[in-house]
Amino acid sequence: MRDVRRPALVALAAVFVLGAVGLLTVAALDDRPLAFTLGVQPAQVAAVLQPGQTVCQEPIDVPADARTVRFSVGTFGAPGPQLQVLTRTSGAIAGRDSVRAGYGDRATVAASPRGIVAGRRIELCVRNVGRRQVTIWGGVAGAARTSTARVDGHDAGTDLTLVFERGESRSMLAAMGDVFERAALFHPSWVSAGLLWALAALLLTGLPVALLLALRAALNSYSSGP
Amino acid sequence: MRRATRTLPRSLLLLLCAVALLGVSWALFVPPFQAPDENSHFGYVQRLAEDFDLPGDSDRPLFSTEQLLAHDRSNSDQTAAVLQTKPEWSKAAYERWRALDARLPDSARSDGGGPNPASSNPPLYYLYESIPYLLASGGDIFDRLYTLRLGSVLLLLVTVVGAWLLAGELFARNRLLQLVAASFAGLQPMVTFISASVTPDALLFATWSIAFWLFARILKRGLRLAEGVALFAVVGLAVVTKGTGYALVPAALVVLAVGYARLRRAHQPGVPRRRVVVVAPLVVLAVIVGAWLGTARALDRPAVNQVGTGTQNPAPTLTSFNPREAGSYFWQYYLPRLPFQQRFGGMTDLPAYDIWLTQGWAAFGWLEVKFPEPVYVLLALLTLALLIGAVVAVVRAWSRVDRALAAAFALAVLTLLAGLHWTEFRTLVGGSGPFNQGRYLLPLIALMGAAAAAAVSALPARRQPVAAALLLGGLAVLQLASLGIVVGRFYA
């Protein structure tokens, strides 16, 4: 009986341990730069900026510190003009950066203005400081319901697709604390990050133990016949 | 409870604990409304539970004010099926939603009920889910949504028990093979994901699994009134869960007919040969299905889920379809397209791989969350190995195989496939695009589990325990990896 059970139990434990270690390794190597997004699909042109015009997405409640913002631009096939990217808090400029001219049509460009700090309510503005028009991509009005795109102060009827990234690199594994905090939002009142941590721990420990015991029980009857 | 645990085999009980843990994990880690059509299914339950009415009234909004606010503030609509977008991560936004939600009037829960995509489904699953909905009705919408998901997880456990019982009949209660079959049903990631969301598919998987067990029980042990009635009650429940349930009817009729014929041949003293063993099950089926058909007719609403076939071309009918077109469609579904063939409708290359295999194993969220391609190649190889092993096992045991049971299983599979392909053929010709999704094959999960067990049984006896262990371990790791990509997609 022992020679039937033991190799099987060892095989199950080995597969699980190797698999779990492999997954944890992948998670440790999986770089996750994303700080947050407004959750807007880049489905359409959200704003057309003539030279000198500015589009601002406002207000943005910053849930996590970010260093860089990325967005998609259209240039009508020509090299893209220089853009200035500003962050404002309570009307005052908190940070600024530029996107150099010469990027391509439908390119995703990046800028790193200061002031994207967790807990703040900001405006993020893009100003066309070049000589050619440019489009900023985003979604229909209401894609980010609590925030709106305005071109030179006028409601554009759209929202910009803005992707905010962290300053320093962080792996998926290192991000797990934030992951469980985020996962606990818009959940039942009894679900907390702590509960999700406990579930994850149970998956890594209780799941293999239950399967090992189930296999052992099945093998007990197996070796003694049907 | 203590009695139940005494009578449940220990290995099944432990497996159920493992599957329950996974089911709860899936239910809680998947963000709200990020499973296929979950928003529509929740809207259906809400309409039933709040007003005891069916959705579909074109004068009403698709969803209640409460649900629309929840979609909006959790960013679920923008996130659905689009990898670039994420659910709302801001605690401030969550607190603002809570404040707004607390101010909603009671009517905000009951002003939905319009013609959402699920509104033409039969009502059984939604009636079942009305119970957890009402139990959680003191909480907010997310309390209720996640309670409904946990209600679905209970159905997953029924699916696992069905697979266990079926394997018990097929493999003479060989516990190891029963464990393999039931584990396959409970640990296959797409089954767990779907069964841990709000969807009638969870009940469909459960009813089909129990029906397959009853097929085997009746044909192995002889037709008795209780089993006959139970089978047709379960088939009736499948029919009033989703139109897919009708695909069980022909096979169930074969089981009943063969069971009755064997009963008449047996002439065993004391065994009733009265026609009641045939008539009563049919009456049960007629009552269950008839009740729904009558209700649907009285309410002037469709009795089965409706699939739009598009308006580009007239959709083919059984008397008007072009056999060449149908042949081209089938060829391109299962085989590589030949150089002279035009792409049929909006079909992808080789949907048998892309849809049945890829989506059937692992495509989460609104099917946009997938593994890298090499993982599916491995899963294809595993599937192939299990299929070959199952065929070898059946061929070896052919003299002992109950041909009627094999025919009933084959008929159920073919009827399901025929219905799905016919529907998709109509939608492709009509112009509304592909219809099939991998999960539509998962009502067969108990049979798939039995096939996996058969494949293990084809190995030499001393190798079977290790093979079973490798399969269980592999499925458990696949579960963790699946949860990992879901968490990564939505929260990181």
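# Chat about chains A and B

Me: Of the contacts in chain A between residues at least 6 apart in sequence, what share joins residues at least 24 apart?
Reply: That share is 76%, where two residues are in contact if their C-beta atoms, placed from the backbone, lie within 7 Å. This is a predicted model, in which local features need pLDDT of at least 70 and side-chain atom pairs count only at pLDDT 80 or more, while totals for chains, interfaces and linings use all residues. Residues are numbered from 1 along each chain as its sequence is written, and chains are lettered from A and ligands numbered from 1 in the order in which they are written.

Me: How many helices and strands does chain A have?
Reply: Chain A has three helices and 13 strands, both taken as DSSP runs numbered from the N terminus (H or I with at least four residues for helices, E with at least two for strands). Its radius of gyration, taken over C-alpha atoms, is 25 Å, well over the 17 Å that the globule rule (2.2 Å times the number of residues to the power 0.38) gives for 226 residues, so chain A is more spread out than a compact globule. Along the principal axes, the C-alpha atoms of chain A fill a box of roughly 85 × 40 × 30 Å.

Me: And what percentage of chain A is buried?
Reply: Buried residues account for 40% of the 226 in chain A; a residue is buried if 20 or more other C-beta atoms, placed from the backbone, lie within 10 Å of its own, exposed if 12 or fewer, and partly exposed in between.

Me: Switching to the sheet, what is the strand order in chain A?
Reply: Six strands of chain A form an open, antiparallel sheet in the order E6-E5-E8-E3-E10-E11, with two strands counted as paired if DSSP finds at least two bridges between them. The edges are strand E6 (92–99) and strand E11 (154–155), each of which pairs on one side only. Within this sheet, E5 (residues 83–89) is joined to E8 (residues 121–128) by six bridges, and A:Arg88 has A:Glu123 in E8(A) as its bridge partner.

Me: What is phi at A:Phe186?
Reply: Phi of A:Phe186 is near 50 degrees, a positive value in a residue other than glycine. A:Phe186 sits in the loop between helix H2 (176–183) and helix H3 (193–223) of chain A, and it counts as buried, with 27 C-beta neighbours inside 10 Å.

Me: How many residues does each chain bring to the contact?
Reply: Chain B brings 57 residues and chain A brings 55. On the side of chain B that touches chain A, H20(B) gives the largest share, 16 residues, and by class that side has 34 nonpolar, 15 polar and eight charged residues (Ala, Val, Leu, Ile, Met, Phe, Trp, Tyr, Cys and Pro are nonpolar; Asp, Glu, Lys and Arg are charged; the others, Gly among them, are polar).

Me: How far does H2(B) reach from its first C-alpha to its last?
Reply: H2(B), with 20 residues, reaches 29 Å, close to the 28 Å expected at 1.5 Å a residue, the expected span being 1.5 Å times one less than the number of residues. H2(B) is mostly covered, as 14 of its 20 residues are buried.
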